[in-house]
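Hi,

Here is the structure I promised to pass on. Have a look at it first, and then read my notes below.

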Amino acid sequence: MRDLTEIRWHGRGGQGVVTAGKLLAETAMAAGQYFQAFPDYGPERMGAPIRAYTRLSPRPITIHSQIENPDVVLVLDPTLLGTVPVTEGLKEDGILVVNTSMTPAEVRRVTGFNTGKVFTVDASHIAIEEMGRDITNTPMLGAFARATGLFDIQELSEQLRAWFGRRITQEMVEANIRALRRAAEEIQEG
Amino acid sequence: MSRFEALTGDNAVAMAMRQVNPDVVAAYPITPQTETVEFFAEYVADGLVNTEFICVESEHSAMSACVGASAAGARVMTATSSQGLALMWEIVYIAASNRCPIVMSLVNRALSAPINIHCDHSDIMGMRDSGWIVLFSENAQEAYDNIIQAVRIGEHPDVLLPVVVCQDGFVTSHGMERVEVFDDEAVKEFVGTYKPRYPLLDIEHPKTLGALDFYDYYYEHKRQQVQAMENATGVILAVAEEFNRKFNRNYGLFETYCLDDAEVAIVVANSTAGTAKVVVDRLRGEGLKVGLLKPRVFRPFPARELVEALKHLKAIAVMDRSISFGAMNNAGPLFLELVAALALHGVRVPIADYVFGLGGRDILPREIESVYRDLLRVAESGRVERLVTYLSVRE
């Protein structure tokens with residue numbers, strides 16, 4: 001694992017963006033890593049574009065400024081492409097992961113991000129098929145794990161069970177895990 | 001023994017409060033309050049604490065209830081932020097003057113106007129002469145650790161003063177980090193049982209508190225308050241030593257980072273000190289002798305110890321997240337006090353103030369680096385060209 005990985009999440013209020021960031025943080029903690037998870041400090045309204053951030057490191061993290069140049073950007077809502085500047089500040093060799101039915105080449109065209117790596121996955125489609133709802137945070141975690149190689153899918157599944165086990169039905173937990181696994185399998189790179 | 005948990009700074013403080021299990025918590029849960037009170041209310045509802053939780057009708061009443069409960073002989077805690085603290089003002093002084101060892105968590109946020117709920121240190125700096133002991137925390141872990149130590153510091157018979165534990169609004173209060181949470185038993189053992197010295201509820205020994213006290217004894221009472229503050233420094237160090245031994249920490253009056261052989265250094269409190277450490281590492285990589293001093297104890301102000309730690313430097317920058325309007329050069333409070341301390345001890349190191357981050361304006365590593373670059377120039381010339389800089393402000 002690299003010394004410090006900085007991640008920015010884009011989504012809309014109500015899509016579980018902050019939860020995804022926290023879930024990733026807890027996964028990191030379970031793996032003995034250090035982390036920070038923090039939202040953009042603005043009002044959070046249902047449907048409005050929001051951002052959240054995660055830092056991961058094998059060593060204690062003391063930096064407390066906002067993230068300007070993320071290593072990874074995850075876009076949970078396809079309608080944000082072309083609406084908010086999702087690649088702003090993304091490192092040249094950074095990774096962009098988008099929930100969309102577009103191909104990576106099409107995403108490159110729309111965003112103008114011509115370096116680094118671009119991954120796409122139709123997480124909304126997967127979420128609706130598996131969970132009956134367009135809540136894309138867990139499939140996007142699967143996509144994140146595959147795109148960055150930072151976490152093992154099995155490890156993430158276990159973490160998901162521990163995290164969701166207390167909050168939702170067993171049936172929904174399993175649906176989330178299927179969505180996570182499918183996203184990791186169906187992801188495209190280009 | 002301990003375990004690691006993913007907690008926000010607010011949650012970490014609530015966790016410490018649960019483990020301390022105070023007799024009374026009085027708070028007013030409205031913006032700008034903090035989640036700490038929400039978390040704690042859940043602990044109360046779940047029966048995890050024996051605390052009498054008093055949901056009052058304003059922050060002024062919250063501190064009033066705390067003073068009443070503390071005078072009665074209870075172990076008392078509360079939490080607030082920004083305007084909430086401002087509304088407590090009158091009673092904040094009374095808490096200290098009545099020698100009530102209340103522990104308060106304060107999430108540092110700006111004061112209105114204009115309306116702003118984001119981080120700066122205007123709230124705490126307004127209460128710096130109120131008679132409270134003031135501790136700063138870089139992150140959620142330190143906030144948790146400081147709350148536990150604060151109980152012992154305030155309740156020490158030679159001190160008997162309220163203690164406020166600060167952390168940065170949103171930056172650490174709402175950010176989630178890895179926090180080492182000690183076993184409940186270990187915390188319980190550390191804080192011990194509170195034995196109030198003069199509880200009003202001890203009706204066998206009737207006494208009065210906060211009564212009229214004119215030119216006959218008021219002055220003497222104030223003098224005793226000074227003595228309590230003087231005693232506090234030693235108590236803070238003794239409590240820290242015990243805490244460090246038990247929980248494997250390294251608390252003192254302040255933390256130094258690469259300071260011993262440094263030629264220039266920044267003095268900055270709370271979360272920005274963490275960001276500055278990253279900058280120090282980077283500049284040290286270039287062979288530049290830069291260092292950092294992070295104050296932990298602001299009241300009582302450890303002037304002699306700070307001067308001792310800083311006197312070898314060729315240039316010092318203080319970074320203030322508030323302004324003392326109308327004070328000398330409109331500088332920040334931390335700078336003003338450090339300038340006085342250096343002058344008093346006859347140390348003539350060039351020193352400059354950098355006001356930053358008001359109202360939650362982010363502070364980036366490159367901005368902190370620019371301060372170090374300024375300092376290196378000052379070290380070379382021996383001259384401070386601008387006493388107070390308002391970092392990254394549009395003028």
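A definition to start with: patches are made of residues with over 30% relative accessible area and no salt bridge, where like charges are joined within 9 Å and nonpolar side chains (Val, Leu, Ile, Met, Phe, Trp, Tyr) within 5 Å. A salt bridge here is a side-chain nitrogen of Lys or Arg within 4 Å of a carboxyl oxygen of Asp or Glu. Accessible areas come from the Shrake-Rupley method with a 1.4 Å probe, and for residues only the protein chains shown count as cover.

This is a predicted model, where local features need pLDDT of at least 70, side-chain atom pairs count only at pLDDT 80 or more, and totals for chains, interfaces and linings use all residues. Residues are numbered from 1 along each chain as its sequence is written, chains are lettered from A and ligands numbered from 1 in the order in which they are written, and side-chain values use heavy atoms, leaving out hydrogens and water.

The patch itself is nonpolar and on the surface: B:Leu212, B:Phe214 and B:Tyr215 form it, with about 470 Å² of accessible area together. B:Phe214 sits in the loop between helices H7 (184–191) and H8 (218–247) of chain B. Helices (H or I, at least four residues) and strands (E, at least two) are DSSP runs, numbered from the N terminus.

Now the sheet. It is open, has nine strands with mixed pairing, and runs E7(A)-E6(A)-E5(A)-E4(A)-E1(A)-E3(A)-E2(A)-E8(B)-E1(B). Two strands pair if DSSP finds at least two bridges between them. The edges are E7 (188–189) of chain A and E1 (2–8) of chain B, each pairing on one side only.

Strand E3 (residues 49–57) of chain A has seven of its nine residues buried (under 20% relative accessible area; exposed is over 50%, partly exposed in between, with a 1.4 Å probe and protein chains only). Eight bridges tie E3(A) to E1 (residues 5–12) of chain A, antiparallel, with A:Thr5 partnering A:Leu56. On E2 (residues 34–39) of chain A there are six bridges to E3(A), also antiparallel, and A:Pro39 stands opposite A:Ala52.

Why does A:Ser65 count as buried? Because its relative accessibility is 2%. A:Ser65 is in the loop between E3 and E4 (72–75) of chain A. Beyond its neighbours within four places in sequence, its contacts (heavy atoms within 4.5 Å) include A:Phe38, A:Arg55, B:Thr275 and B:Asp362.

Cheers
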